[in-house]
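Me: I would like to learn how to read a structure of this kind with some care. Could you take me through it one feature at a time?

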Amino acid sequence: MKKRICTLLSLLLCLAMLTACSAANNGKDTPDAEMSGDSAQTETETPDSSSGNTKNPEEQEDGAPSASALRFSTVDINGNPVDQSIMEGYDLIVMNIWAYWCGPCVAELPDIERVYKEYDNVLFLGVLCDTGDMEATRQIVEQAGLTYPILYPGDDLQDLVNAQMYIPASIFFNSKGEQLGETLVGGRNYDQWKAAVEEHLP
């Protein structure tokens with residue numbers, strides 16, 4: 001019995017390695033010039049409490065966002081300022097953490113864009129795990145035809161990025177910026193993304 005369990009765990013680990021990349025080389029620095037304005041589901045993980053997000057945040061009685069709700073101020077890859085107000089009017093926000101050198105991350109981008117275009121009430125936010133080669137990143141964004149915002153982590157989202165052991169990592173939030181369920185790790189295809197969105201919609 002123990003041998004079977006060990007074999008199963010080994011297979012799951014191998015599958016995770018094929019559909020996700022280690023995030024150990026997170027890009028923690030964003031170029032000052034840029035900041036100034038210039039496909040199978042695998043294991044899950046939940047950001048630690050230092051990220052400011054909890055698995056099941058409690059809502060305040062007056063309906064206002066809880067203290068653990070997502071708050072951020074950063075810029076997108078074109079230098080435009082972006083903060084949590086971008087989430088207003090959406091029932092579901094999906095934050096997808098990725099990097100230009102991560103094959104599974106890049107492979108799922110066209111499917112994410114396809115799903116994004118199908119839902120008026122769902123906002124996807126791409127958050128860069130590594131800002132070391134912005135030319136390569138912009139080329140990937142252009143080739144994938146991405147129209148949803150791609151953000152630098154900045155100071156406010158860096159802890160959330162650092163909490164991920166593997167990428168791509170996707171975190172779901174409600175309209176108040178409160179995390180829904182667990183972080184999904186690993187690349188997904190179109191059908192899997194559709195299922196994940198439907199599962200998290202209110």
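Me: What is the mean pLDDT of the chain, and which stretches fall below 50?

Reply: This is a predicted model, and where pLDDT is low, the predicted coordinates should not be read in detail. Here the mean pLDDT of the chain is 79, with 68% of the residues reaching 70 or more. Residues 2-17 have pLDDT below 50, and beyond near neighbours in sequence this stretch has three contacts in the model. Residues 26-62 also have pLDDT below 50, although that stretch has 104 contacts beyond near neighbours in sequence.

Me: Which residues touch the most other members of the largest nonpolar core?

Reply: In soluble globular proteins, nonpolar side chains tend to be buried together. In this model the largest nonpolar core holds 51 residues, and F124 and I167 are the ones that touch the most other members. Among the elements that each supply at least two residues of this core are strand 5 (92-98), helix 3 (103-118), strand 6 (122-128) and helix 6 (190-200). Beyond its neighbours within four places in sequence, I167 is in contact with residues including A20, I97, W98, W101 and C129.

Me: Is the peptide bond from I167 to P168 cis or trans?

Reply: Most residues other than glycine have a negative phi, and most peptide bonds are trans. The bond from I167 to P168 is cis, with omega near 0°, and P168 sits in the loop between strand 8 (166-167) and strand 9.

Me: How many salt bridges does a search of the whole structure find, and where do they lie?

Reply: The search finds two salt bridges. In one of them E113 pairs with K117, the closest N and O atoms being 3.7 Å apart; both residues lie in helix 3, four residues apart, which is about one turn of the helix. E113 counts as buried because its relative accessibility is 4%, whereas K117, at 57%, counts as exposed. K194 forms a salt bridge with E118, with the closest N and O atoms 3.1 Å apart, and this pair links distant parts of the chain, K194 being in helix 6 and E118 in helix 3, 76 residues apart.

Me: What does the side chain of R188 reach, and how far away is the nearest side chain of opposite charge?

Reply: R188, in the loop between strand 10 (179-185) and helix 6, is buried yet has no salt bridge, and the nearest side chain of opposite charge, E108, is 5.2 Å away. The side chain of R188 instead reaches the backbone oxygen of G186 at 2.6 Å.

Terms used: Residues are numbered from 1 along each chain as its sequence is written. This is a predicted model: local features need pLDDT of at least 70, side-chain atom pairs count only at pLDDT 80 or more; totals for chains, interfaces and linings use all residues. Side-chain values use heavy atoms; hydrogens and water are left out. A nonpolar core is a set of buried Ala, Val, Leu, Ile, Met, Phe, Trp, Tyr and Cys residues joined through side-chain atoms within 4.5 Å. Buried means under 20% relative accessible area, exposed over 50%, partly exposed in between (1.4 Å probe, protein chains only). Contact means heavy atoms within 4.5 Å. Lys and Arg count as positive and Asp and Glu as negative; His and the chain ends are not counted. A salt bridge is a side-chain nitrogen of Lys or Arg within 4 Å of a carboxyl oxygen of Asp or Glu. A polar contact is a pair of N or O atoms within 3.5 Å; within protein, one must be able to donate a hydrogen and the other to accept it, and residues adjacent in sequence count only if both atoms are side-chain atoms. pLDDT is the predictor's confidence in each residue, from 0 to 100.
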